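Please have the sequence and the model at hand while reading.

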Amino acid sequence: MHHPADPAALDLANRRYGRDELAQLPDFNATLATLLAHRSVRAFTDQPLPAGTLPLLVAAAQSAPSSSNLQVWSVIAIEDAARKARLAALANHQAHIVEAPLLLLFTADLARLKRVAAQRNEPIAGLDYLDTLLMAFIDAALAAQNALVAAESLGLGTVYIGALRNQPEAVAAELGLPGQVFPAFGLVVGHPDPTRPAAVKPRLPQSAVLHREHYSQARQDAAVADYDAILQGFQATQHLPQQPWSRQAVGRLRGPETLSGRDRLAQALHNRGFTFQ
Ligand SMILES: Cc1cc2nc3c(=O)[nH]c(=O)nc-3n(C[C@H](O)[C@H](O)[C@H](O)COP(=O)(O)O)c2cc1C
């Protein structure tokens with residue numbers, strides 16, 4: 001399975017596309033197998049996580065690179081059933097939040113460095129720039145994805161919860177977030193329910209996303225058309241309503257009314273004490 005010449009390894013890579021996209025592999029290993037097999041899991045058993053799981057996931061998260069090592073992110077681990085239910089209610093009532101034993105809420109956290117500066121009696125006006133805020137969200141995302149890969153390598157299932165940005169002020173109040181700590185997204189972690197398995201969802205062909213030497217829009221139209229057909233085939237196998245990706249993706253961003261409250265993110269950031277220029 002982990003030998004590059006093994007057809008099963010190539011099959012795993014090509015399943016990411018729902019077609020033969022890669023012709024050969026230079027090498028293969030367990031890390032690649034974990035990455036390529038990713039699927040979001042939205043059905044969990046009530047089995048608790050093995051002891052020591054949370055600190056291991058956080059160690060993996062903290063192993064991610066961090067811009068200038070500023071480490072401008074934090075994570076809140078929520079295991080209390082009633083609190084998970086209240087957070088699920090703020091996130092479009094997504095049942096998997098309640099079902100899984102652990103919800104990790106990743107935050108963009110500028111409060112820690114603000115406090116360090118105050119204690120040192122030093123200015124820290126650099127916090128008030130958009131780039132610093134971006135660094136915090138990037139740090140949070142890299143950390144979270146490391147935690148996700150670690151969880152999947154342990155046989156656990158995960159799904160991100162961007163919907164925790166639908167009502168960020170309420171999420172912040174529920175978790176006692178100080179000013180300048182913003183909920184970026186959640187990550188649900190648990191044991192996948194084997195009776196309701198998730199499948200690997202094909203991605204856009206590489207010709208849509210991979211540009212060599214210079215950006216090319218010319219190759220994208222055919223790739224999107226191909227992908228529309230591939231994803232509809234995938235939806236059919238999953239007994240999901242069939243709809244071309246292009247329609248689905250554009251519809252998701254049709255207007256402010258399709259953003260589930262996130263059209264007011266700039267205002268929410270302002271309310272949470274962020275200023276950015
Ligand atoms: C930042 C982020 C937020 C997401 N939020 C949600 C969410 O609120 N609910 C959900 O069911 N899936 C959510 N997802 C999962 C995506 O829908 C999923 O990754 C995408 O459809 C691709 O499917 P796959 O992860 O199974 O490959 C989110 C993913 C990301 C990266």
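## Helix 10 against helix 11

In this predicted model, helix 10 contributes Val224, Tyr227, Asp228, Leu231 and Gln235 to a contact with helix 11, where the partners are Trp245, Ser246 and Gln248. By class, the residues of this contact comprise four nonpolar, three polar and one charged.

Helix 10 spans residues 220-237 and helix 11 spans residues 245-252, and the two pack with their axes 8 Å apart at an angle of about 95 degrees. Because angles of 65 to 115 degrees count as roughly perpendicular, helix 10 is described as roughly perpendicular to helix 11.

## Helix 4 against helix 8

For helix 4 (residues 81-90) and helix 8 (residues 168-175), the axes come within 10 Å and cross at roughly 170 degrees, and the two helices are therefore roughly antiparallel to each other.

On the helix 4 side the contact involves Arg83, Arg86, Leu87 and Leu90, while helix 8 supplies Ala170, Val171, Glu174 and Leu175. This contact of helix 4 with helix 8 has five nonpolar and three charged residues, and no polar ones.

## The ligand and its surroundings

The ligand is surrounded by 13 residues, of which the closest are His38, Ser40, Arg42, Gln94 and Lys201. An N or O atom in the side chain of Arg42 lies 2.6 Å from an oxygen atom of the ligand, whereas the side chain of Gln94 places an N or O atom 2.7 Å from a ligand nitrogen atom.

The backbone also takes part, with a polar backbone atom of Gly162 lying 2.8 Å from a nitrogen atom of the ligand. On its own the ligand has 620 Å² of accessible area, and the protein covers 68% of this.

Methods: Residues numbered from 1 in each chain as written. Predicted model: local features only at pLDDT ≥ 70, side-chain atom pairs only at ≥ 80, totals over all residues. Heavy atoms only, no water. Axes fitted to C-alpha atoms, helices over the stretch in contact; angles between N-to-C directions. Helix = DSSP H or I, 4+ residues; strand = E, 2+ residues; numbered from the N terminus. Parallel < 35°, antiparallel > 145°, perpendicular 65-115°, else oblique. Contact = heavy atoms within 4.5 Å. Nonpolar A, V, L, I, M, F, W, Y, C, P; charged D, E, K, R; others polar. Near = heavy atom within 4 Å. Polar contact = N/O pair within 3.5 Å; in protein donor to acceptor, adjacent residues only side chain to side chain. Areas by Shrake-Rupley, 256 points an atom, 1.4 Å probe, with all protein chains shown as cover.
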